[in-house]
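Subject: Structure handover

Hello,

Here is the structure I promised to pass on. My notes on it follow below.

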Amino acid sequence: MTDTTIEQATAAKSGAAATEQFRSRRAAGAAGSDTERVDTLVTELLTAAHDIVRRHKVTYEEYNALKAWLIQVGEDGEWPLFLDVWVEHVVEEVANESREGSKGTIEGPYYVPDSPRLPAEATLPMRENEAGTPLLFQGQVRSVDGTPLPAAKVEIWHADDDGFYSQFAPGLPEWNLRGTVVADETGRFWIHTVQPAPYQIPTDGACGSLIAAAGWHAWRPAHLHLKVSAPGHQLITTQLYFKGGTHVENDIASAVKPELILDPKPTGKGDNHEVTYDFVLDKA
Ligand code: MBD
Ligand code: FE
């Protein structure tokens, strides 16, 4: 008998990969040099925590449980996951409040830059017999004034039919279900992929313990992640969801917006589906 070990997806492994990915991309030192701003924000955050302790008469037992849990978040590499699930949506809301074009939403912890460049009509890198309903996702990228944006870039990444992201779960080809599609001279694109499945955040790490302790659920609705950009325009980071999908109404990451819901229709060929979604970019 051969001794094969099938590597399991674990919170610690996806956490370590997300932490590493974040660290490698973060521009050093941009924020944190404005003493007054740091003072204001951190003081208000701590004051809010102090108020909670007083109002709810938080005990030493609870304080120590929090301390142990915070230590565990770090050990599991789950700070990117924790922050992107429970905090990023408000940062995104503030960052994009004056945008006129397409709605954005959170990036989440599983973006990887420099995915393979693909032509305007392309199939995302996937395994032979990749599971899931085949989906043609097509559309056009335009400026807020209606001008089509030639050679716009549509970066797309999503989980597979088991809810796993390449580079954050073992056993998947490096760029599975990730690509950078370059739109044609009229800003149009046609992306062939498979519909992703709902995504359960890892339950075996610190975030999972919190979810269990609070009696919450760990699910995000099925979603496509996108970054759409064009010269002279602001890049938009967004996600698209599926009408009627499980957890569209109760995303653990609070990142669903009514403008971001797709309703793919059968094409009549097998169980293929297709949907059109246009992106409108604000000027830079
Ligand atoms: C995801 O796939 C995701 O998009 C977010 C925001 C958090 C955890 C997993
Ligand atoms: Fe995601």
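**Aromatic pairs**

Y199 is buried, with a relative accessibility of 8% (buried means under 20% relative accessible area, exposed over 50%, partly exposed in between, with a 1.4 Å probe and protein chains only). The model is a predicted one, in which local features need pLDDT of at least 70 and side-chain atom pairs count only at pLDDT 80 or more, while totals for chains, interfaces and linings use all residues. Residues are numbered from 1 along each chain as its sequence is written, chains are lettered from A and ligands numbered from 1 in the order in which they are written, and side-chain values use heavy atoms, with hydrogens and water left out.

The ring of Y199 pairs with that of Y165: the centres are 5.5 Å apart and the planes stand at 65°, so the pair is edge-to-face. For such pairs, rings of Phe, Tyr and Trp (its six-membered ring) must have their centres within 6.5 Å; planes under 30 degrees apart count as stacked, over 60 as edge-to-face and the rest as tilted. Y165 sits in the loop between β4 and β5 (178-182) and Y199 in strand β7, so the pair ties together parts 34 residues apart in sequence. Helices (H or I, at least four residues) and strands (E, at least two) are DSSP runs numbered from the N terminus. Y165 is buried, as is Y199.

Across the whole structure, the search finds 14 aromatic pairs. Another of them is Y110 with Y199, also edge-to-face, at 5.9 Å centre to centre and 65° between the planes. This pair links distant parts of the chain, with Y110 in the loop between α5 and β1 (117-118) and Y199 in strand β7 (residues 199-200), 89 residues apart. Y110 is buried, its relative accessible area being 5%. Elsewhere, one aromatic cluster is formed by W69, W79, F82, W86 and W216.

**The iron site**

Which protein atoms are donors of the iron ion (ligand 2)? They are the OH of Y165 and the NE2 atoms of H223 and H225, lying 1.9 to 2.1 Å from the ion. Donors here are N, O and S atoms within 2.8 Å of the metal (3.2 Å for Na, K and Ca); water is not among the atoms, so sites may look incomplete. Along the chain, the donors follow the spacing Y-x57-H-x1-H. H223 and H225 are both buried.

**Cavities**

The structure holds two cavities of 30 Å³ or more. A cavity is a set of points, on a 1 Å grid over the protein atoms alone, where a 1.4 Å probe fits but cannot get out; lining residues have an atom within 4 Å of a point. Grid points are joined across faces, edges and corners, and a volume is the space filled by probe spheres set on the points.

The largest cavity has a volume of about 110 Å³. Its lining has 16 residues, of which G108, P109, Y110, R220 and H223 lie nearest the centre. α4 (79-86) and β9 (223-229) each supply at least two lining residues, and α4 gives the most, with three.

**Charged contacts**

How many salt bridges are there? The count comes to ten, a salt bridge being a side-chain nitrogen of Lys or Arg within 4 Å of a carboxyl oxygen of Asp or Glu.

One of them joins E92 and K257, at 2.8 Å from N to O. E92 belongs to helix α5 (residues 88-95) and K257 to the loop between β10 (236-242) and β11 (261-262), 165 residues apart. E92 is buried, with a relative accessible area of 8%, whereas K257 is partly exposed at 21%.

K283 and D145 meet in another, at 2.9 Å from N to O. K283 lies in the segment after β14 (279-281) and D145 in the loop between β3 (134-143) and β4 (153-158), so the pair ties together parts 138 residues apart in sequence. Both ends are partly exposed: K283 has 43% relative accessibility and D145 has 48%.

K243 forms a salt bridge with D263, the closest N and O atoms being 3.8 Å apart. K243 is in the loop between β10 and β11, and D263 in the loop between β11 and β12 (265-266), 20 residues apart. K243 is exposed at 58%, and D263 is partly exposed at 32%.

Salt bridges that share partners also join R25, E107 and K227 into one network. K227 lies over the face of Y111, 4.7 Å from the ring centre (a charge sits over a ring if NZ of Lys or CZ of Arg is within 6 Å of the ring centre and within 35 degrees of the ring normal).

Regards

Conventions. 1 Å grid on protein atoms, 1.4 Å probe; cavity = no way out; pocket = protein on both sides within 12 Å on 5 of 7 lines; lining within 4 Å.
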